[in-house]
Amino acid sequence: QTMNTNTGWIIDSHTHILPERLAKKIRSFFEDAIMINNSANKSEASNSCCNLSSIYDEKEPKSHNEFVSHGTIPLLYHCHDLDLLKGIMMRCGVSSFWTLPYAHKSEMSIQLNESMVKIANEMKNIECVPGFTIHPSDKNIREIVLKALRSGARVCKLHCSVGSYDIRNSSFDPLWELSQLYGFPTVIHLGHHVSGNTLGSEIDHISRVASDFPKAKIIIAHFGYPSVNSALELMERHSNLYADTTPVVTRTVKFSKKTKERVEKMAREGRILFGSDLPNVAIPLEEIIDDIWNQFGSTLNRKEVEESFRRCAQEGDLIPQFDGRNEEEEKEKRAVFMILRGASLFLTNQVKIPLDSSKL
């Protein structure tokens with residue numbers, strides 16, 4: 001048995017480490033539809049990306065026409081070299097990652113879900129949590145979900161733009177019912193624009209689902225960027241809503257001074273997760289991680305605190321013991337830890353595996 005040499009502690013809850021054929025198709029989509037030039041599909045990241053996160057400030061676009069183009073810049077990472085991508089994550093301190101598939105049409109979910117579990121089972125020295133997906137036009141959605149869970153998948157991913165569907169479609173009801181029963185989370189990209197951006201009106205589509213299925217754990221991908229305020233307001237109304245901080249190609253999710261305190265509270269409660277979107281991102285992974293420290297732990301001694309978090313992960317503790325001597329410092333530590341590890345860990349640890357009645 002190969003010894004696990006990974007000393008990282010971060011959990012990346014939003015990656016797309018996918019089968020080669022699908023990964024190449026998605027990369028072609030980025031190159032053609034979003035018009036991002038991937039220069040020679042480089043094996044290592046460069047530092048040429050300009051982060052345009054502040055471009056919207058606090059004003060949320062009201063229509064797709066108001067979205068600003070990502071421009072023509074290189075995606076930094078190879079789209080399907082699993083060993084290479086694993087090495088990049090490990091060097092950045094990632095010990096575990098969720099890999100999230102999505103179906104653009106019906107009748108492809110079962111095979112794709114099986115491929116995701118295979119990738120996870122073959123991954124060494126880093127934990128891979130396989131995701132599964134469905135399409136509202138699939139037949140027997142309930143059985144597809146149960147099969148995925150029994151095979152080892154632990155999180156669902158839906159992408160409204162890729163699948164060209166409305167999240168309010170009643171065909172998804174079996175998914176939400178099973179989510180309530182077995183506790184698996186569902187990551188949803190709610191936006192329909194080719195840029196990956198999301199309108200506040202699109203975020204609001206999840207409100208009915210959150211109300212009708214209050215025990216279903218739903219994660220708003222990319223924090224609904226650039227409609228972050230709309231996502232936050234909805235999260236405050238529905239305790240079963242979560243969000244991840246995953247960038248949208250060129251832009252990390254930034255929080256204004258007005259919303260910072262509310263976001264920090266959500267983070268400490270374990271409702272905000274870290275994500276990178278690797279490999280379909282134009283920002284180096286280390287910079288995406290740095291951004292979390294800069295926004296939520298700027299006053300901390302990062303080296304010292306990170307070492308304590310690493311020890312906690314290695315010893316198998318769910319959360320570090322905070323000494324409470326400095327209340328504001330402890331709040332920062334908890335927020336950073338929960339975003340970069342704790343929230344993702346708590347969610348996957350709560351997933352129940354359904355029994356296979358055919359084997360009883």
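**Pockets, strands and cores**

Sorted by class, the residues lining the largest pocket come out as eleven nonpolar, eleven polar and three charged. Here Ala, Val, Leu, Ile, Met, Phe, Trp, Tyr, Cys and Pro count as nonpolar, Asp, Glu, Lys and Arg as charged, and the others, Gly among them, as polar. The model is a predicted one, in which local features need pLDDT of at least 70 and side-chain atom pairs count only at pLDDT 80 or more, while totals for chains, interfaces and linings use all residues. Residues are numbered from 1 along each chain as its sequence is written, and side-chain values use heavy atoms, with hydrogens and water left out.

A pocket is found on a 1 Å grid over the protein atoms alone, as an open set of points where a 1.4 Å probe fits, with protein on both sides within 12 Å along at least five of seven lines; lining residues have an atom within 4 Å of a point. Its volume is the space filled by probe spheres set on the points, which are joined across faces, edges and corners. For the largest pocket, that space is about 430 Å³. Of its 25 lining residues, Ile26, Phe29, Tyr102, His159 and Val162 are the closest to the centre. Two or more lining residues come from each of helix H1 (20-32), strand S4 (155-159) and helix H5 (160-163), and H1 gives the most, with five. These elements are DSSP runs numbered from the N terminus: helices are H or I with at least four residues, strands E with at least two.

The second largest pocket holds about 360 Å³. Its lining includes Arg21, Leu22, Lys25, Met108 and Gln111, and the elements giving two or more residues are H1 and helix H3 (109-122).

Now for the strands, which pair if DSSP finds at least two bridges between them. S4 and S5 run parallel over four bridges, with Cys156 bridged to Thr186 in S5. S5 (residues 186-189) also pairs in the parallel sense with S6 (residues 218-220), over three bridges; there, Val187 has Ile219 as its partner. Thr186 and Ile188 point one way from S5, Val187 and His189 the other, and all are buried (under 20% relative accessible area with a 1.4 Å probe, protein chains only).

A nonpolar core is a set of buried Ala, Val, Leu, Ile, Met, Phe, Trp, Tyr and Cys residues joined through side-chain atoms within 4.5 Å. The largest one has 101 residues, and Leu158, Leu175, Trp176, Phe184 and Phe223 have the most contacts inside it. Apart from it lies another core, of 13 residues, including Leu100 and Val187.

Key: Buried means under 20% relative accessible area, exposed over 50%, partly exposed in between (1.4 Å probe, protein chains only).
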